[in-house]
Amino acid sequence: MTDTLLKGGEVLLPSGPARVDLSISEGRVAGLHQPGSAPPAHETIDCTGLTVLPGIVDIHFHVRAPAYPERGTVLSETRAAAAGGVTTLFEMPISKPCCATPGIFEARRAHFAEHAVVDFGLYAAPGDLTETTRDRFLELGAIAFKIFTTPAPPGRGDEFDGLAFPGEDDQLRALELLAGTGRPVVVHAESAALLDRYERQARATLDPASGYTHNKARPAVCESVAVAKLLAMNITAQARLHIAHVTSAETVAVLRAFAGTSDFTAETCPQYLFATEADVDRAGVFAKVNPPIRTQADQDALWEAIGDGTIAHVTTDHAPFAHAEKAAATGDFFAAPPGSPGIETLLPAMLDAVAAGRFDLGRAHDLICANGARLYGLHPERGTLLPGARADVALVDLAATTQVRLGGLVSHARDVAHLWDGRDFRGRVVRTLLAGRTVYADGEVTGPEGGGRFVAP
């Protein structure tokens, strides 16, 4: 007897979709079976008409807990992850205070373990840039490290202390310090000096209420210059550098120019692939994210970069905020907090791209799961459904539609999802299993609080 049998569906394997049944025992894939040949199981799930995917691994996620519960909690946002077919997520180190010391890391790990519905890994900020701190983070199981090339936003110094390194000397020190760890070094890359210049110009000349202002106040050159400097420095440092949330054609050109010079990768997000600054103008400050959503030409360049492999990861950069915080800045893009919920729309958006013929299902899954599992040292335990792998599963209906309507998401930030309001994505998450246990089915999150496990490389 096995615990569970997924019967009648099409299972995505490394070789492509296959009409096989999948058995699960003790939280892992026990076997793949020709239809009708599987051993008996205590529970059988009818997957007729459905596609069986390995559960999604989102490598770029924010909830900032336990601070700011009005924006969302570990419980609320990992419930949203389950609803989106995401079974593993990596939480960024922006917290209050910043996750830049081993003690804060341990406290956050305990907090997530108590409340998470799905599995989680934690980033660390390199803090004081010492070997002692670095080595302790490695012992504690930090999934990777994160830095910003921008200064801390005004009034948020404690959230970015040990994370924000606007000086190139400290950026290089961080890359060199972390190069031998084998863990990715993820960078939010924008030039501090150019951001200051363009924001001052924008404040003096542009309409703060316009959705086009944010892109002009934080143009693509700020990103491309910072990325170029990092890639040049990494020729010396040779860290496993990962560029977060690429937004522009200019940055894509920089990535291509530096191809082969060091071990680096890059990601983008659905907000940059499915929206433009015109959508930001329509949605107002609720659609403000950093770096900004840009033009149609930039969006086209990002799709081309995915097509040729320049960008190999698509992540959410899920960043919930309270409705009151966003609404208080209505009419002022300079004052609005940056962030939008995205954990529930990642998989439907990529299934929609498959339906549009941009790539096949295997490539879509690589972008939002398997490539990340490989980069972060979790493959093939996660990111595949081969025998022995974790039985983390997303059952999807490729023929159904995901309708995103304001207030209709599971995320606590469902009332600020204006960027996605009114979207219809072709493809829908029907059921999510974590280690063989159903945590979401038919519109209801069933996974227990604290059922998620800490993930280390």
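Me: How should I read the packing of helix 9 and helix 12, and at what angle do they pack?

Reply: Two packed helices are described by the angle between their axes and by the distance between those axes. In this predicted model, helix 9 (residues 249-257) and helix 12 (residues 296-308) pack at an angle of about 30°, and their axes are 8 Å apart. Angles under 35 degrees count as roughly parallel, and helix 9 is therefore roughly parallel to helix 12.

Me: Which residues of helix 9 and helix 12 meet, and how do the residues of this contact divide by class?

Reply: From helix 9 come Ala-249, Val-252 and Arg-256, and these meet Asp-298, Ala-301, Leu-302, Glu-304, Ala-305 and Asp-308 in helix 12. The residues of the contact of helix 9 with helix 12 divide into 5 nonpolar and 4 charged, with no polar residue.

Me: How do I apply that reading to helix 1 and helix 2, and at what angle do their axes cross?

Reply: The axes of helix 1 (residues 74-83) and helix 2 (residues 102-115) come within 9 Å and cross at roughly 60°, and helix 1 and helix 2 are therefore oblique to each other. Helix 1 passes helix 2 in a right-handed crossing. Val-74, Leu-75 and Thr-78 of helix 1 make the contact with His-111, Phe-112 and His-115 of helix 2, and the residues of this contact divide into 3 nonpolar and 3 polar, with no charged residue.

Me: What is the crossing angle of helix 5 and helix 8, and is helix 5 parallel or oblique to helix 8?

Reply: The axes of helix 5 (residues 168-178) and helix 8 (residues 220-237) come within 10 Å and cross at roughly 45°, which makes helix 5 oblique to helix 8. The crossing in which helix 5 passes helix 8 is right-handed. On the helix 5 side the contact is made by Glu-168, Gln-171, Leu-172, Leu-175 and Glu-176, and on the helix 8 side by Lys-229, Leu-230, Met-233, Asn-234, Thr-236 and Ala-237. By class, this contact of helix 5 with helix 8 has 5 nonpolar, 3 polar and 3 charged residues.

Me: Turning to the pockets, what volume does the largest pocket have, and which residues are the closest to its centre?

Reply: Rolling a probe the size of a water molecule over the atoms shows where empty space is left. Here the largest pocket has a volume of about 920 Å³, and of the 42 residues that line the largest pocket, the closest to its centre are Pro-153, Arg-156, Arg-218, Asn-290 and Pro-338.

Me: Which element gives the most to the lining of the largest pocket, and how do the lining residues divide by class?

Reply: Strand 11 (144-148), helix 4 (157-160), helix 6 (192-205) and helix 7 (213-217) each supply at least two residues of that lining, and helix 6 gives the most, with 5 residues. The residues of the lining of the largest pocket divide into 20 nonpolar, 11 polar and 11 charged.

Me: What volume does the second largest pocket have, and which elements give two or more residues to its lining?

Reply: The second largest pocket has a volume of about 320 Å³, and of the 17 residues that line this pocket, the closest to its centre are Ala-83, Glu-344, Thr-402, Arg-428 and Tyr-440. Strand 16 (393-403) and strand 17 (424-434) are the elements that give two or more residues to the lining of the second largest pocket, and by class that lining has 7 nonpolar, 6 polar and 4 charged residues.

Me: Finally, how do I read the backbone, and where are Pro-66, Pro-291 and Arg-64 found?

Reply: Most residues other than glycine have a negative phi, and most peptide bonds are trans. A cis peptide bond, with omega about 10°, joins Ala-65 and Pro-66, and Pro-66 is found in the loop between strand 8 (56-61) and helix 1. Arg-64 is found in the loop between strand 8 and helix 1, and phi of Arg-64 is near 70°, a positive value in a residue other than glycine. The peptide bond from Asn-290 to Pro-291 is cis, with omega near -10°, and Pro-291 lies in the loop between helix 11 (277-283) and helix 12. Asn-290 is also among the residues closest to the centre of the largest pocket.

Methods: Residues numbered from 1 in each chain as written. Predicted model: local features only at pLDDT ≥ 70, side-chain atom pairs only at ≥ 80, totals over all residues. Heavy atoms only, no water. 1 Å grid on protein atoms, 1.4 Å probe; cavity = no way out; pocket = protein on both sides within 12 Å on 5 of 7 lines; lining within 4 Å. Points joined across faces, edges and corners; volume = space filled by probe spheres on them. Helix = DSSP H or I, 4+ residues; strand = E, 2+ residues; numbered from the N terminus. Nonpolar A, V, L, I, M, F, W, Y, C, P; charged D, E, K, R; others polar. Axes fitted to C-alpha atoms, helices over the stretch in contact; angles between N-to-C directions. Parallel < 35°, antiparallel > 145°, perpendicular 65-115°, else oblique. Left-handed = near helix turned anticlockwise from the far one by under 90°. Contact = heavy atoms within 4.5 Å.
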